[in-house]
Amino acid sequence: MLDVTVIEDPEAAAVSLDPIRARLLAELADAPASAAMLAGRVGLPRQKVNYHLKALERHGLVELADERRKGNVTERLMRATAASYVISPAALPAVQPDPDRFRDQLSARWLLALGARLVRDVGMLISGAAKARKRLATYALDGEVRFASAADRAAFVQELTAGVSALIRKYDTPDAESGRDHRIVVAVHPTVKDEPQHAAAGETRAVAEGATRPAAEGETRPAADGESRPVADGESRRAAEGESRPAVKDESRSPAEDRPALGS
């Protein structure tokens with residue numbers, strides 16, 4: 001069983017969003033079970049549970065774990081294919097966010113579009129790597145920082161931008177024929193807490209993500225150009241000349257002046 005998997009197929013997404021089927025997925029993520037075993041837990045007839053299990057199995061959300069004979073009947077024990085599921089924006093291709101429509105480093109909605117593209121791209125990369133039976137090289141950094149003031153937050157963002165930009169300029173080799181394409185996403189946003197007072201205190205989460213494509217693709221494009229592209233397009237692109245800045249967003253600060261963090 002995988003820790004997490006990305007649902008890209010629209011029909012599979014619709015199946016997973018059904019409340020009864022979502023409950024069955026949660027039950028089967030804990031341990032394999034048969035339709036008869038699940039029926040008592042969810043309060044439905046065995047035949048109805050079996051109907052839902054077949055729909056989940058058809059879309060690859062559950063799989064056969066074991067079979068055992070009970071009298072003249074063969075009981076099928078099913079299990080979830082993952083402990084948790086994420087629905088990719090690719091499941092809604094006509095309305096999925098497109099970060100290239102605008103670039104606003106201070107926009108929370110642009111940050112959301114970048115996050116959606118990250119889910120989509122990494123999901124597609126995982127699927128491609130699995131089919132090619134290759135490992136996928138990725139890296140992610142997740143941390144929290146509490147700023148004493150909006151001015152400190154603004155200074156942090158400025159230093160972060162300068163530091164990441166310097167690294168990109170240092171290691172970016174768009175002419176390397178054997179190079180591999182990487183995308184870098186850097187985000188800063190207020191921390192979400194169960195207790196509203198913590199968010200008001202100005203806690204901020206800083207997240208840095210870096211993902212790479214499977215080696216078989218052979219693409220060579222620097223990560224900072226902000227382009228959105230399909231995983232299997234096989235094209236080789238180069239960044240716009242002279243552009244090497246990370247996507248750093250701080251919705252809580254306007255270009256003209258610093259203002260308190262969101263929720264403060």
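Entry 1, the chain. I am working from a predicted model. I counted seven helices and seven strands in the chain. Reading along the sequence, I wrote down the order β-α-α-α-α-β-β-β-α-β-α-β-α-β. The chain has 264 residues, and 37% of them are buried. I looked up the accessible surface as well: it comes to about 15,100 Å², with 54% belonging to carbon and sulfur atoms. Of the contacts between residues at least 6 apart in sequence, 68% join residues at least 24 apart.

I asked which residues touch the most other members of the largest nonpolar core. They are Leu 24, Leu 28, Leu 38, Val 49, Leu 53 and Leu 56, out of 21 residues. I then noted the elements that give two or more residues to this core: helices H1 (10–17), H2 (19–30), H3 (35–42) and H4 (46–58), and strand S3 (73–80).

Leaving out residues up to four places away in sequence, I found Leu 38 touching Leu 24, Glu 27, Leu 28, Ala 33, Val 49 and Leu 53.

On the H3 side I listed Ala 35, Ala 36, Leu 38, Ala 39 and Val 42, which meet Arg 46, Val 49, Asn 50 and Leu 53 in H4. By class, I logged seven nonpolar residues, one polar and one charged in this contact.

Conventions: Residues numbered from 1 in each chain as written. Predicted model: local features only at pLDDT ≥ 70, side-chain atom pairs only at ≥ 80, totals over all residues. Heavy atoms only, no water. Core = buried A, V, L, I, M, F, W, Y, C linked by side-chain atoms within 4.5 Å. Buried < 20%, exposed > 50% of the residue type's maximum accessible area, 1.4 Å probe, protein only. Helix = DSSP H or I, 4+ residues; strand = E, 2+ residues; numbered from the N terminus. Contact = heavy atoms within 4.5 Å. Nonpolar A, V, L, I, M, F, W, Y, C, P; charged D, E, K, R; others polar. Areas by Shrake-Rupley, 256 points an atom, 1.4 Å probe, with all protein chains shown as cover.
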